[in-house]
Amino acid sequence: MAKDVIIALDFPTREATLAFLDQFPAGEKPFVKIGMELFYAEGPQIVRDIKARGHKIFLDLKLHDIPNTVKSAMRVLSRLDVDMVNLHAAGASEMMKGALEGLTREDGTRPLLIAVTQLTSTDADALKRELLIETPMAETVMAYAKNAAASGLDGVVCSPLEAALVKEQCGADFVTVTPGIRFADSAAGDQKRIMTPEKAGRSGCDYIVVGRPITKSEDPVAAYRRAVKDFMG
Ligand code: C5P
């Protein structure tokens, strides 16, 4: 099972993103995550450009629509040669299977397809009162993860605190991608359920997604190397 640190490139422009990446020496190419902000600002060309620099890319666009639309959109994304993409498991199994079909390239290869279960910003109150879901949060997260696994997806985005249980319920090969990572001495910011890279490495996390502890660091390259060393052991 591949294990890696993914840097969240939460920057608003191409200039800010490339200035950040330029701090790394030529031979060091971290796995990076491009989210909605950067993608919507700069379009698919930013993905091609970062790929051309030699980085692996997790394109975090969280697709959620009718199966045919998601399948067609995934076909377009697979041509961008990204390494990992995601969708909302709430779109249900027909949508997830359509996504897999759309993602699979003519030569049979495809990026890893990861599901978002419940957004970590949705709390128990919103689940019950707004989404009208009476089942407790942890149970819905595991049920969505199992639906994703049964639909053939590769894994889920989850809290590092849930990774071990996801592995137990969905299989050791089911990939866990975990944000909410903080060094013991870094600010939590708006993340509430956090874990250090070192503990995440021992808790069933395959990929950790690290944003501000690296991007806002005075020395991002050193912070990235520290995360890799702590996580990979
Ligand atoms: O800066 P920080 O390390 O908190 O960044 C975490 C990244 O992971 C951000 O890009 C955030 O949008 C993303 N993310 C998250 N929690 C989720 C899903 C994605 O923090 N449940």
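Start by selecting H4: this helix has twelve residues and spans 16 Å from first C-alpha to last, close to the 16 Å expected at 1.5 Å a residue (expected span: 1.5 Å times one less than the number of residues; helices are DSSP runs of H or I with at least four residues, strands runs of E with at least two, numbered from the N terminus). Before moving on: this is a predicted model, where local features need pLDDT of at least 70 and side-chain atom pairs pLDDT 80 or more, while totals for chains, interfaces and linings use all residues. Residues count from 1 along each chain as its sequence is written, and side-chain values use heavy atoms, without hydrogens or water.

Now pick Val70, Met74, Leu77 and Ser78, the buried residues of H4 (buried: under 20% relative accessible area, 1.4 Å probe, protein chains only). They sit on the same side of H4, because their arc around the axis is only 90° (taken from the directions from the helix axis to the C-beta atoms). What do they pack against? Show E3, E4, helix H5 (92-103) and E5 (contact: heavy atoms within 4.5 Å).

Next, display the strands: E1 through E8, in that order, form a closed barrel of eight strands with parallel pairing (a pair needs at least two DSSP bridges). Zoom in on E1 (residues 4-8) and E8 (residues 207-210), which run parallel and are joined by four bridges. Click Ile6 and you'll find its bridge partner in E8, Val209.

Last stop: helix H11 (residues 220-232), lying across E1 and E8 at about 145° to E1 (axes are lines fitted to C-alpha atoms, for helices over the stretch in contact; angles run from 0 to 180 degrees between N-to-C directions).

Note on methods: Buried < 20%, exposed > 50% of the residue type's maximum accessible area, 1.4 Å probe, protein only.
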